[in-house]
Amino acid sequence: MGTYIVRRLLQMIPVVIGATFLIFFLVYAVPGEPWEGRCGERECSDAYIAKFKQDYHLDEPLLVQYGLYLARLVRGDLGVNFYGNAVSTELLTRYPTSIKLALIALTVTVVIGISAGVLAGVRKGSFLDSLVIVSTLVVISIPVFVIGSMAQFGVLKLNLNNVIPVTASEGTLQQLILPGFVLGSLSVAYAARLTRTNLVENLRADFVRTAKAKGLTPARVMGVHALRNSLIPVITFLGYDFGGLMGGAIVTERIFNINGVGGFIFRSINQLDGVSVVGAVSVLVLIYLVVNLVVDVMYGVLDPRISHD
Amino acid sequence: MRARPRFFAAASLAAFALVATACGTTASNPQTSTSAAASVATKEGGAITIRGCAPQNPLIGSMTGEVCGGNVIDWTSAKLVRYNPDDAKPMMDIAESIKTDDSQTFTVSIKKGYKFSDGTEVKAKNFVEAWNIAAYGPNGHEGGYFFEAIEGYDDTQCPANDKCATKPKTDKLAGLVVKDDYTFTIKTTTPTSNLPVRLGYSAFVPQPDTYLANPAAEAFGKVPVAAGPYKVTANTATEIVMEKNAAYSGAYKGKVDKITYRIYNDPTAAFTDVLANNIDFTDVIPADQLADDAWRKAVGQDRTSIREAGVIEVLTFSPTDDQLKSNIPLRKAISQAIDRPTITKVIYNGTRTPATGWVSPVVDGYKADQCGDSCKYDKAKAKAAYDAAGGYKGTFTLTVNQDGGHKPWADAVCNGLKNDLGMDCVVQITPKFADLLNKAKAGELKGAFRNGWQMDYPSIENFLTPIYAKGAGSNYSKYDNADFEKKLKDAAAAKDLTEANKLYQEAEAFLGRDFPTAPMWYRTQPAAWSNKVTNVKINAFGVLDVTAISVK
């Protein structure tokens with residue numbers, strides 16, 4: 001197990017470097033120049049453009065620019081973006097907020113999704129089952145910005161905005177409750193259905209019959225035996241979902257004014273701020289890899305038959 | 001047992017993740033004071049939080065041309081003159097007097113004892129040396145072109161198309177001479193009657209000795225030292241904090257003690273926060289709230305305002321389109337067929353006012369109705385004029401940029417032209433404003449395209465020279481009329497502002513005859529504020545007037 005984890009960690013290094021290479025080229029291949037739009041409604045003067053190009057080595061060939069970037073990356077310096085801010089500082093302020101938001105959303109998905117799935121699975125075919133299926137379907141069919149705006153105005157109308165803030169400019173845990181809920185609601189349906197389907201299948205399995213025959217309480221049969229096996233696909237989904245929540249929560253971040261990674265990457269792409277994009281996405285790739293590793297290890301925990309060596 | 005090590009591995013990984021997050025937490029949550037602190041009932045003092053956006057450049061007056069950084073500079077700096085918030089007239093600020101006999105050599109005397117926020121005194125050299133740095137080509141200051149009028153500007157610029165391989169002749173403007181600590185002279189290359197009006201623009205700020213010694217210092221660009229009523233005390237990715245400048249020696253003090261400029265990327269989030277009274281002021285209203293004045297009803301009539309701003313939007317007729325190039329009656333007919341009042345009412349819900357000329361109503365020298373009938377919607381007359389002019393053959397393209405939300409009005413205009421004139425009109429979109437300008441410069445656009453202009457200083461001249469003078473940077477219509485040029489020169493050489501304005505108005509009349517562009521509308525500036533502040537005013541530039549706003 002230990003060697004497995006170490007091996008996986010070592011494998012991450014070439015993957016991250018390969019990803020930065022790809023992203024670097026993609027960003028610089030996008031048409032347009034990064035100094036556009038920095039000068040109001042008029043064009044930037046030639047002198048401004050010349051200085052900009054000089055400061056950021058934009059005149060050098062692409063491979064030279066990548067070489068310079070890599071040299072800095074190895075020293076842990078993610079570079080300085082086009083606004084004069086160190087990319088590492090920008091990311092350090094934003095990643096914790098995004099991680100907190102993703103964790104809250106994940107908790108919402110896990111708690112509500114899995115409970116709903118279990119309820120539906122246990123009482124398959126009943127009214128409760130149909131209720132769960134239909135309601136989760138309705139929730140995922142509403143676009144996230146509609147849910148978000150409705151939630152905000154709902155809280156305002158009920159005058160709850162002191163307990164549940166409607167925007168999250170500072171990124172504290174309390175402020176992230178509402179956006180976390182909104183974000184989590186998107187994945188609840190998938191988690192519920194995955195749990196339900198797998199649970200239904202496992203409840204008919206032989207080992208569950210054996211457990212019941214042995215005289216174990218229904219709670220233990222369900223919780224320790226049936227659920228553990230049903231959760232493997234759900235964990236896979238959640239692992240993939242976490243990455244999506246981290247980098248893809250752009251709309252939610254905008255509505256709630258959350259200073260997170262998704263919005264940062266989106267804005268940097270719009271402003272053609274290549275240095276920021278490469279840095280932020282490389283860290284995102286790394287997080288994805290770590291989460292995947294956690295998921296793989298969890299497989300072994302959930303199902304002892306799966307071994308990693 | 002075999003399960004244990006896996007459990008340990010999973011648990012330790014999870015624990016590590018949680019600890020990493022927690023470590024990040026303590027480092028990344030600065031304590032910010034919210035407007036809840038503003039529970040003081042007095043008029044002076046208190047703290048407010050307002051909507052902001054991320055500055056694109058360092059906070060140095062001559063390096064900023066966009067509104068996000070420009071607002072911060074506006075509130076924290078003082079220049080020779082300051083514009084009256086209500087009518088944009090220039091008032092003396094650091095300058096004691098600006099005298100001239102011939103509108104070419106100006107003698108500037110500054111007040112004694114005017115201090116920067118670091119306690120040092122503002123002297124004549126702080127202006128002259130700062131302006132030299134701003135104008136010098138290799139420094140790449142975005143506002144450098146404001147010094148074009150000053151004698152010796154060309155010698156400070158890199159030779160064209162050279163990428164500054166050879167340095168310019170000098171890094172000092174010959175037309176700026178320091179006479180003594182409190183006096184300096186400005187000599188312009190040609191007579192420039194409205195130079196005093198220009199001196200209130202942020203490119204003309206004085207800079208303290210700390211900046212002059214090391215202009216490239218990054219820290220100064222984040223937390224600058226300036227001579228205005230407020231000073232920047234903190235500048236992070238999420239907000240900029242400004243506090244009252246204790247050393248401020250001017251007459252335009254602010255009331256509140258602290259302003260937090262919180263950066264928002266979405267107007268809806270800021271508007272929601274104003275509704276929740278989490279922030280005290282926003283000046284951008286989300287488009288969906290504008291319909292039926294929903295925003296005014298949501299916030300409350302008494303906490304909203306609309307004010308005309310010095311911004312005009314026009315339709316430029318492409319200079320490379322052969323059908324339009326020499327057919328003035330055709331251009332006028334097309335303009336007459338655009339129903340400006342209906343479009344501004346239905347699509348913009350009153351946040352635009354139909355234009356009647358090429359100059360915004362907020363400036364000194366504005367004369368109404370210079371466009372005449374060509375800007376008044378008249379379907380019958382337009383059709384008659386259109387047919388008489390020969391009509392437009394083929395497809396008329398109307399090009400606008402996607403990133404300003406212009407498609408709705410462009411569609412409305414095109415449909416109107418189709419219905420009223422029988423033209424085949426199609427709307428073309430470019431992803432960004434910059435792409436539109438590039439295509440226009442390259443001559444790739446036919447038909448008409450959108451242009452906008454935001455005034456730099458409140459003068460009628462600023463709406464004419466930069467856009468319609470021959471070879472001007474923003475002259476996308478390639479307008480070139482020798483009589484117009486002469487009129488501009490005469491106005492610049494006028495003895496006083498009244499005479500200058502009269503001549504500029506005559507120049508604007510040329511535009512009414514030659515019709516290079518069709519004025520569409522002036523922008524208005526909406527504002528909404530929380531129930532914690534009062535006396536909220538917007539100045540003529542559409543910027544919050546920090547000397548007026550106060551907490552309740």
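Helices here are DSSP runs of H or I with at least four residues, and strands are runs of E with at least two, numbered from the N terminus. The model is predicted. In chain B it covers an open sheet of four strands, a largely enclosed helix, and the pairing of strands β16 and β17.

**Helix pair in chain A**

- Along the chain, A:Arg228 and A:Val15 are 213 residues apart, and their C-alpha atoms are separated by 32 Å.
- Helix α7 (residues 177-203) of chain A packs against α9(A) at an angle of about 160 degrees, with 8 Å between the axes.
- The two helices are therefore roughly antiparallel, since angles over 145 degrees are counted in that class.
- The crossing of α7(A) past α9(A) is right-handed.
- On the α7(A) side, the residues that meet α9(A) include A:Leu183, A:Tyr190, A:Leu194 and A:Leu199; on the α9(A) side, A:Leu227, A:Pro233, A:Phe237 and A:Leu245 are among those involved.
- The residues of this contact comprise 12 nonpolar, six polar and one charged.

**Open sheet in chain B**

- Four strands of chain B make up an open antiparallel sheet, in the order β4-β5-β7-β6.
- Its edge strands are β4 (95-100) and β6 (176-180) of chain B, each of which pairs on one side only.
- On average, neighbouring strands of the sheet are turned by 20 degrees against each other, direction ignored.
- Strands β5 (residues 105-110) and β7 (residues 183-187) of chain B run antiparallel and are joined by five bridges; B:Thr105 is placed opposite B:Lys187 of β7(B).
- Helix α3 (residues 124-135) of chain B lies across β5, β6 and β7 of chain B, and runs at about 165 degrees to β6(B).

**An enclosed helix in chain B**

- Helix α7 (residues 267-275) of chain B is largely enclosed by the rest of the structure, because eight of its nine residues are buried.
- The buried residues of α7(B) include B:Ala269, B:Phe271, B:Asp273 and B:Leu275.
- B:Asn277, which follows α7(B), has a positive phi near 60 degrees.

**Strand β16 of chain B and its partners**

- Strand β16 (residues 448-454) of chain B is mostly covered, with six of its seven residues buried.
- Strand β12 (residues 304-317) of chain B runs antiparallel to β16(B) and is joined to it by seven bridges; B:Glu313 has B:Gly452 as its bridge partner.
- Strand β14 (residues 395-401) of chain B runs parallel to β16(B), with two bridges between them; here B:Leu398 is partnered by B:Ala448.

**Strand β17 of chain B and its partners**

- Strand β17 (residues 517-529) of chain B is mostly covered, with 11 of its 13 residues buried.
- Strand β11 (residues 281-282) of chain B is linked to β17(B) by two bridges in antiparallel pairing, and B:Thr282 stands opposite B:Ala528.
- Between β12(B) and β17(B), which run antiparallel, there are 10 bridges; the partner of B:Glu308 is B:Thr524.
- Strand β13 (residues 352-354) of chain B also runs antiparallel to β17(B), through three bridges, and B:Thr353 has B:Tyr522 as its bridge partner.

Key: Residues numbered from 1 in each chain as written. Chains lettered and ligands numbered in written order. Predicted model: local features only at pLDDT ≥ 70, side-chain atom pairs only at ≥ 80, totals over all residues. Pairing = 2+ DSSP bridges. Axes fitted to C-alpha atoms, helices over the stretch in contact; angles between N-to-C directions. Contact = placed C-beta atoms within 7 Å. Buried ≥ 20, exposed ≤ 12 C-beta atoms within 10 Å, placed from the backbone. Parallel < 35°, antiparallel > 145°, perpendicular 65-115°, else oblique. Left-handed = near helix turned anticlockwise from the far one by under 90°. Nonpolar A, V, L, I, M, F, W, Y, C, P; charged D, E, K, R; others polar.
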